[in-house]
Amino acid sequence: MKLMELTLTDYLAELRSESPAPGGGSVSALAGAQGMSLLMMVCGLTITREKYAEHHETCRKALEKAEAIGRELAELVDLDTEAYLGVAAAFKLPKETDDEKAARSEAIIKATHTATEVPYRVMELSLAGLELAGELMDKTNPNAASDLGVAGQNLSAALKGAYYNVLINLSGLKDPSAEGTFRDTGMKMVERGTLLLTIIEDYTEKHL
């Protein structure tokens, strides 16, 4: 079952079910994909208006970037759930003998690393989206300022939500060095994203 192929009604039903996946990681990726789609719409509403001709080339380039970022974020909606299921499957491996225990432990660590890398990638892409949104301020149709602002809110939620999913997996990596790297670089991304969101919010509210 591909989450991105479900209707919205079916997706929400799957999300509220007792199954732990899809969960916050997939929701974060989807929030990011929504944000990028909104940025694409804002660019489209600028490119199709002759009065904003001076910004058409900027918006065309931004549109291409937004499409690529949004496409990958959409893919990560399903990849996050698959990563979680991989961890769950590893925990179910047999552990009767020493060899089985060792193999199981190795599988859990490997699956947990994947389950950490996926939301970390969501963070990277969401921050890239926020950077792009910041670049588009004052270069897009001001009538779509609220949409640019909502894009920023979605991307910020994606960034922070994905960081929560990174953090919850760190203890399972059994690697203090990797744990520290994920934690520290992730925090820096969150800090940068928070600053960008404040700037985007100020821009949006001035144009409402």
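A salt bridge here is a side-chain nitrogen of Lys or Arg within 4 Å of a carboxyl oxygen of Asp or Glu. Keep that rule handy for the exercises below. The structure is a predicted model, where local features need pLDDT of at least 70 and side-chain atom pairs count only at pLDDT 80 or more, while totals for chains, interfaces and linings use all residues. Residues are numbered from 1 along each chain as its sequence is written, and side-chain values use heavy atoms, with hydrogens and water left out.

**Exercise 1. Work out the fold pattern and the overall dimensions of the protein.**

Step 1: get the secondary structure. Helices (H or I, at least four residues) and strands (E, at least two) are DSSP runs, numbered from the N terminus.

Step 2: take the C-alpha trace along its principal axes, and you get spans of about 75 × 40 × 25 Å.

Step 3: look at contacts (heavy atoms within 4.5 Å). Of those between residues at least 6 apart in sequence, 78% join residues at least 24 apart.

**Exercise 2. Find which helices Glu72 and Arg121 sit in, and describe their link.**

Step 1: check the distance. Glu72 and Arg121 form a salt bridge, at 2.8 Å from N to O.

Step 2: Glu72 belongs to helix H3 and Arg121 to helix H4, 49 residues apart, and the pair links distant parts of the chain.

Step 3: check accessibility. Buried means under 20% relative accessible area, exposed over 50%, and partly exposed in between (1.4 Å probe, protein chains only). Glu72 comes out partly exposed at 27%, and Arg121 is partly exposed at 31%.

Step 4: look for further partners. Glu124 joins Glu72 and Arg121 in a network of salt bridges.

**Exercise 3. Count the salt bridges, then examine the one between Glu82 and Lys2.**

Step 1: apply the rule, and the count is seven.

Step 2: zoom in on Glu82 and Lys2, whose closest N and O atoms are 3.2 Å apart. Glu82 is in helix H3 (residues 56-91) and Lys2 in the segment before helix H1 (8-16), so this bridge ties together parts 80 residues apart in sequence.

Step 3: check the surroundings. Glu82 has a relative accessible area of 38%, which is partly exposed; Lys2, at 41%, is partly exposed too.

Step 4: Arg60 and Glu57 meet at 3.8 Å, N to O. Both residues lie in helix H3, three residues apart, about one turn of the helix.

**Exercise 4. Classify the ring geometry of Tyr120 and Phe182, and say whether the residues are buried or exposed.**

Step 1: recall the rule. Rings of Phe, Tyr and Trp (its six-membered ring) pair if their centres lie within 6.5 Å; planes under 30 degrees apart are stacked, over 60 edge-to-face, and the rest tilted. One aromatic pair turns up.

Step 2: The ring centres of Tyr120 and Phe182 are 5.2 Å apart with planes at 75 degrees, so the pair is edge-to-face.

Step 3: locate the rings. Tyr120 is in helix H4 (residues 98-136) and Phe182 in helix H6 (residues 176-206), 62 residues apart.

Step 4: check burial. Tyr120 and Phe182 are both buried. For context, buried residues make up 45% of the 208 residues in the protein.
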